[in-house]
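Subject: Structure handover and notes

Dear colleague,

Please find below the structure I promised to pass on to you. My notes follow directly after it.

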Amino acid sequence: MKLAYLLKAHKNPSQVRRLISRLATKESCFLLTIDRNSDFGSFRRELAKLPSDIPCYWIAPRQDGTWCGPGLVLSSLSALEFALQMKEVPDHVYQISGQCYPIKPVRKIIAFFEALGDRCVMECIPPPVSSWPDGGWSRIEKYHWHTPRWLPFDKGWRQYPEDRAGTTWKSRALDMVVRWKFPLPRKGPACIDHYFGHAFWSLTPRAAEYVLRFHRQHPEVYRHHKYTFVLDEYFVQSILGSSDEWRSKATGTHLHYCDWTKPIRPAVLTMDYRNVLRETDWLMARKFDETVDSSILDWIDRNLLEMN
């Protein structure tokens with residue numbers, strides 16, 4: 001069983017190298033998508049320190065990896081295209097981030113995917129999502145984009161129209177223009193239904209082929225939904241969820257422990273989470289940041305990954 005990790009990274013190259021070294025086996029490879037806003041040279045230099053027998057592939061073109069932006073989906077599609085063209089096509093392509101880390105020995109991760117067969121690790125949750133404000137409808141019915149640095153408006157992610165007035169007169173003016181110019185709620189293409197799910201999934205080659213073929217045949221879906229908020233929690237999930245066959249092959253879950261209860265979500269995991277990580281059944285956890293607390297990674301190596 002060959003497992004390809006589709007690894008998205010934008011910071012902490014040494015932490016990414018450490019992650020790869022923990023997951024590497026004879027039957028694994030790594031498809032690396034590096035945020036184009038990041039220093040690519042620092043990743044190349046750091047990952048050059050890995051043993052030469054760990055297959056790592058840089059996926060091009062590099063996309064804008066801004067949080068929640070459409071570039072995250074485009075980089076995934078490029079990686080899936082690459083995986084299907086490999087001499088030995090992987091049995092599963094498992095998407096993770098550079099701030100993930102295994103909390104079970106890698107042999108258990110491999111065993112999970114061996115037992116998975118032709119199923120996909122994927123959530124396909126139709127709206128309304130009970131744990132989200134307004135069930136998630138505003139993600140797809142309103143316009144969302146990241147304000148470029150050169151525009152004289154409030155920086156960061158914007159939702160139009162706003163539920164409340166913008167924080168500057170310029171933002172309020174732009175909000176009024178959007179309300180007048182673009183009717184709401186947005187109506188998406190009829191060829192796809194709405195499904196949400198965790199951004200870290202795994203696909204079989206057949207599922208990947210289906211996603212890519214759908215994307216090629218229906219480019220209007222991406223054109224419309226590039227203004228959807230957190231597109232990487234919607235795009236692939238909706239393509240597969242709209243198919244009875246592929247929805248039936250989705251596990252309905254994911255593999256990561258995350259703490260969504262803190263103001264910054266998911267929370268950065270520190271030594272305070274030792275007992276939770278020891279007792280959970282999840283295979284992976286996120287997010288970790290070696291610049292905040294690297295000792296938790298050392299603790300995981302010693303106590304959970306059998307690296308004594």
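Does F113 count as buried or exposed, and at what relative accessibility? F113 counts as buried, at 1% relative accessibility, where buried stands for under 20% relative accessible area, exposed for over 50% and partly exposed for what lies in between, with a 1.4 Å probe and protein chains only. This is a predicted model, in which local features need pLDDT of at least 70 and side-chain atom pairs count only at pLDDT 80 or more, while totals for chains, interfaces and linings use all residues. Residues are numbered from 1 along each chain as its sequence is written, and side-chain values use heavy atoms, with hydrogens and water left out.

Turning to the rings, the count comes to 13 aromatic pairs, a pair being rings of Phe, Tyr or Trp (its six-membered ring) with centres within 6.5 Å, called stacked when the planes are under 30 degrees apart, edge-to-face when over 60 and tilted for the rest. F112 and F113 are edge-to-face, because their planes stand at 90°, with the centres 5.3 Å apart; F112, at 29% relative accessibility, is partly exposed. Y210 and W246 form a tilted pair, with 6.1 Å from centre to centre and 40° between the planes. Since Y210 belongs to helix α7 (residues 205-217) and W246 to helix α10 (residues 244-248), this pair ties together parts that are 36 residues apart in sequence. Ring pairs also link Y5, F30, Y94, F112 and F113 into a cluster.

Another site that I would point out is Q237, which lies in helix α9 (residues 235-241) and is buried at 0% relative accessibility. A polar atom of the Q237 side chain lies 3.1 Å from the backbone oxygen of H198, and a polar atom of that side chain is 3.3 Å from the backbone nitrogen of Y234.

Best regards

Technical notes: Helices (H or I, at least four residues) and strands (E, at least two) are DSSP runs, numbered from the N terminus. A polar contact is a pair of N or O atoms within 3.5 Å; within protein, one must be able to donate a hydrogen and the other to accept it, and residues adjacent in sequence count only if both atoms are side-chain atoms.
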